[in-house]
Amino acid sequence: MSLTKQIEQKWQKRWEDAKLFEADPDPSRQKKMVSFPFPYMNGPLHVGHAFTASRVDAYARFKRMQGFNVLWPWSWHWTGQPLLGASQRVARGDEAYIRVLCEVDGVPEVELKKFVDPLYMAQYYTNEGRFAVKSIGFSVDWRREFTTVMPVFQKFIEWQYKNLKEKGYVTRGTHPVVWCPKDKSPTGDHDRQSGEGVTPEEYTLIKYRLDDGKILPAATFRPETVYGITNIWLNPDVTYVEADVDNETWIVSQQAAEKLKEQQRQVTVKCAFLGRALIGKFFTNPLTNLKFPILPGWFVDPKTATGVVYSVPAHAPYDYLALRDLQKKPEVFVQFGLDSAMVLAIKPVSIIKVDGFGEYPAVELVEKMGIVDQNDSKANEATNELYKKEFHSGLLKANCGIYAGQSIRKVKDALSTDFKGLGVADGMYDLKEAVVCRCMTQCVVKILSDQWFLNYSDPQWKDLAHQVITQLNIYPDSAKPWFNTVIDWLREWACARTTGFGTPLPWGKGWIIETLSDSTIYMAFYTINAQIKRNNIQPDSLTFEVFDYIFLGKGDKILVAKTANLSIELLDEMRREFLYWYPFDLRNSAKELVPNHLSFCIFHHAALFPPQHWPKAIGVNGMLMVEGQGMHKSKGNFVTLKGAVEKYGADATRCGLLLGAEGMDDPDWRADNIVDLKFKFDSLLSFAGNIIVSAKQDDDTALEHWLVSQMQQRISDVTTALEELKTRTALQNALFETWNDIKWYLQRKGNSEAKALGEVVRDWLKLLAPFAPFLCEELWSQTGETGFISIAKWPIYDAGKVDVMALEQENLVTDVMADTNNILKAMKISPSRIVYYTAAYWKWRVYLKIVEKTLTGEVKINELMREFVADTAFKPHIKDIAPLVPRIIKALTKISSSRKTNMTKINVIDEKALLINAAKFLKDRFNADIAVYSESEAQPFDPKHRAVMAMPYQPAIYVE
């Protein structure tokens with residue numbers, strides 16, 4: 001067993017034996033409750049889970065060290081279709097899927113045979129997941145663990161939905177849903193194999209008519225473009241059908257006819273034919289009564305909407321490209337018997353005035369972007385760009401009838417409504433991309449009647465949700481507008497399905513609350529689940545009245561306790577525990593959950609809890625990439641959490657993930673980077689361990705002052721970053737920047753014997769402990785300190801320990817080294833002797849005066865010179881000051897305001913003494929003799945007259 005593994009197992013056991021992360025209410029201490037979305041147990045935990053959870057754990061450990069009473073509970077999501085779908089694939093003998101389970105998930109064959117039982121499968125992955133979570137060192141209170149199919153939890157969900165229904169937030173109605181034809185149930189986001197986030201979208205169908213009265217219902221999101229039509233596109237090689245649709249004869253793709261049947265329409269297919277049968281025929285625009293041709297368009301997808309597309313080449317890049325491509329192919333005219341003169345005469349019709357474009361925006365954009373044809377990937381970019389511009393700033397022209405002069409943004413919905421009222425338009429729902437259920441069935445849009453929905457359209461509920469967001473801290477802050485946008489556009493959400501696992505809808509026989517709808521306020525259940533388990537409370541005792549009392553303070557506790565067969569003391573204890581821990585202080589999740597889970601969480605807290613129990617903070621992070629690609633088992637880049645910890649170690653895995661990104665940026669897991677971190681931690685164990693042993697001497701030089709001062713800055717930077725959940729910034733400072741400080745000190749000092757260095761290393765370990773807890777516990781135990789570093793006191797920034805002079809002296813040394821390196825690089829020589837010339841005292845007075853000016857506002861050379869001329873002390877140097885001032889101003893542009901402030905505090909540095917003291921260090925660095933002279937004594941030793949160029953903080957340099 002490797003040393004890393006021995007260390008991990010040792011501290012994991014000691015934490016568990018000490019019950020270190022078990023958190024109970026303590027009125028004498030401030031609390032922090034943090035949480036992470038419970039993972040689905042249809043597969044193993046992976047490094048994507050670990051990235052999000054590592055952010056939570058770093059924050060939890062940080063707050064615990066700050067003295068907070070921290071609760072981080074964990075549970076497992078077994079609800080919905082994912083488990084059932086996975087188990088069914090095993091039962092069907094899906095060889096590809098079974099191979100993945102063996103080779104990627106590492107499921108032993110003896111276990112695999114039992115996966116035909118979905119609950120066994122869930123328990124297997126739950127056990128594996130718990131082991132992995134402990135192995136990576138997450139500081140979880142396992143007493144509060146549950147699964148979403150446990151009867152006690154289901155009682156809680158029943159209470160939740162009873163209250164939502166009583167408040168009118170669960171309604172019964174008719175709405176479009178994503179539907180699995182096989183399961184005969186709505187398919188929520190997390191019940192999908194692919195297509196998460198896709199929702200039904202309504203197309204407007206313009207009813208163009210053939211000469212025989214049959215309707216070509218062309219689908220569009222832009223009904224205003226009906227005034228700019230030039231033709232219809234049909235795919236000549238696709239099967240279309242003639243069908244009776246609600247007493248009208250429609251011509252649509254075969255797939256569209258099947259979709260329409262699911263949308264409460266009476267559909268009878270009469271005959272089928274290839275699209276080429278209609279190429280060359282004419283149809284009538286029902287709004288203008290003008291006739292236009294039907295042309296061949298092989299790009300038309302029969303699976304999208306009706307498979308009938310009308311062309312607006314002035315405002316749709318794809319339409320213009322398709323028309324241009326067709327007009328260049330006379331052989332197609334012959335193939336379909338088209339009148340070539342008619343096709344070539346088709347010109348774009350301009351109907352929208354938009355800023356920055358002329359008559360034909362689509363044509364202009366295609367030419368500007370150099371788009372070759374309709375297969376060019378830039379065509380989609382052009383389409384999106386033009387659509388946004390026309391929607392936000394476009395005005396309809398005079399040829400748009402009564403809508404002329406109106407903005408598209410304001411009139412779009414009215415157009416669709418008006419057209420439907422005139423009988424020239426209809427509607428149809430479809431999905432913008434394919435959605436596949438966990439049972440591997442392609443989903444469709446179905447309009448359901450008598451379906452139970454969460455009524456996220458309710459304006460009062462939306463207003464409450466916005467109020468939650470107003471008082472909520474969201475990390476990063478840039479995500480807050482996104483949440484508000486989601487709250488605005490969320491509509492009715494089907495909250496129940498008929499297959500899979502989960503809580504039965506309390507009033508709807510045969511319905512089960514769906515996957516995302518039972519995962520909105522379960523954080524409250526954590527607060528009492530340890531009590532439920534400890535006291536063996538049975539589901540029957542968890543009545544609605546019990547939950548009302550615990551979570552809302554409602555009811556007569558004596559009567560409630562008696563009815564539920566619970567003691568009053570236990571009921572009060574659960575109430576006190578909820579009141580202590582709630583609301584949660586941080587919930588962190590990936591950004592893919594903003595449009596659903598996280599926003600649902602906000603809605604449900606707003607509905608069920610008073611403001612004092614609304615969430616305090618939500619963190620949002622990016623989606624993990626693996627070697628530059630999205631992680632997926634089919635790509636062969638799926639990395640399990642268990643496998644990562646076994647291969648690289650817990651600390652390297654945690655830190656490799658956290659260094660990947662922060663905010664909503666997507667991190668990229670690179671195996672080479674994790675291997676490098678593993679070696680760094682092996683080195684750090686030895687590096688810090690040696691310092692701990694040797695740092696016993698009472699040295700008190702400027703170098704120790706510098707090191708202690710630097711550590712104060714690191715403490716401040718790491719603390720600030722963690723408070724804002726900037727975990728990458730915090731770790732970069734805690735690991736690399738602090739390590740570099742210590743390395744610099746050792747290079748300058750030449751030994752590791754100073755006690756101050758030992759104290760700095762102790763603080764360093766504390767800063768690093770939230771990220772690499774195993775390594776830090778091991779090193780902490782070597783310092784002679786008692787107890788765990790996991791609960792050691794977090795270091796606090798102490799301004800009294802900051803020695804500004806020591807900081808600026810070392811800044812000067814590093815600047816001198818950088819300048820010397822630049823000169824040597826330019827000269828391309830190996831020096832034998834380097835001479836430094838330090839600035840005269842009067843230059844310091846000039847320099848510091850300019851520094852003060854830069855801190856108070858804009859520096860004007862003319863005004864400065866007038867001040868210097870007026871000061872008699874500068875009279876002997878006035879000719880030298882004139883060229884010096886712009887040099888100083890230029891140099892100061894590269895210096896931070898905080899450092900300039902420090903410069904004004906310390907006044908003048910004895911540069912000569914400092915560089916003489918550092919001469920041995922510089923000699924070792926440059927392998928050259930070092931000499932130092934002040935500007936006034938330089939003349940005999942200044943063959944190139946460099947000394948006059950010396951400035952404060954920038955000695956002149958001569959190299960031999």
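Select strand S26, residues 625-626. S26 pairs with S27 in the antiparallel sense, over two bridges. (Strands are DSSP runs of E, at least two residues, and helices are runs of H or I, at least four, numbered from the N terminus; two strands pair if DSSP finds at least two bridges between them.) Click Val626: its bridge partner in S27 is Gln629.

Now show the whole sheet. It is open, with three strands in the order S27-S26-S28 and mixed pairing. Its edge strands are S27 (629-630) and S28 (668-669), each pairing on one side only.

A word on the model: it is predicted, so local features need pLDDT of at least 70, side-chain atom pairs count only at pLDDT 80 or more, and totals for chains, interfaces and linings use all residues. Residues are numbered from 1 along each chain as its sequence is written, and side-chain values use heavy atoms, leaving out hydrogens and water.

Next, the salt bridges (a side-chain nitrogen of Lys or Arg within 4 Å of a carboxyl oxygen of Asp or Glu). The structure holds 65.

Select Arg144 and Glu577. Their side chains form a salt bridge at 2.7 Å, N to O. Arg144 sits in the loop between H6 and H7, Glu577 in helix H20 (residues 568-581), 433 residues apart. Both are buried (under 20% relative accessible area; exposed is over 50%, partly exposed in between, with a 1.4 Å probe and protein chains only).

Last stop: Glu262 and Lys446, a salt bridge at 2.7 Å, N to O. Glu262 lies in the loop between helix H8 (254-261) and strand S11 (267-274) and Lys446 in strand S19 (residues 444-454), so the pair ties together parts 184 residues apart in sequence.
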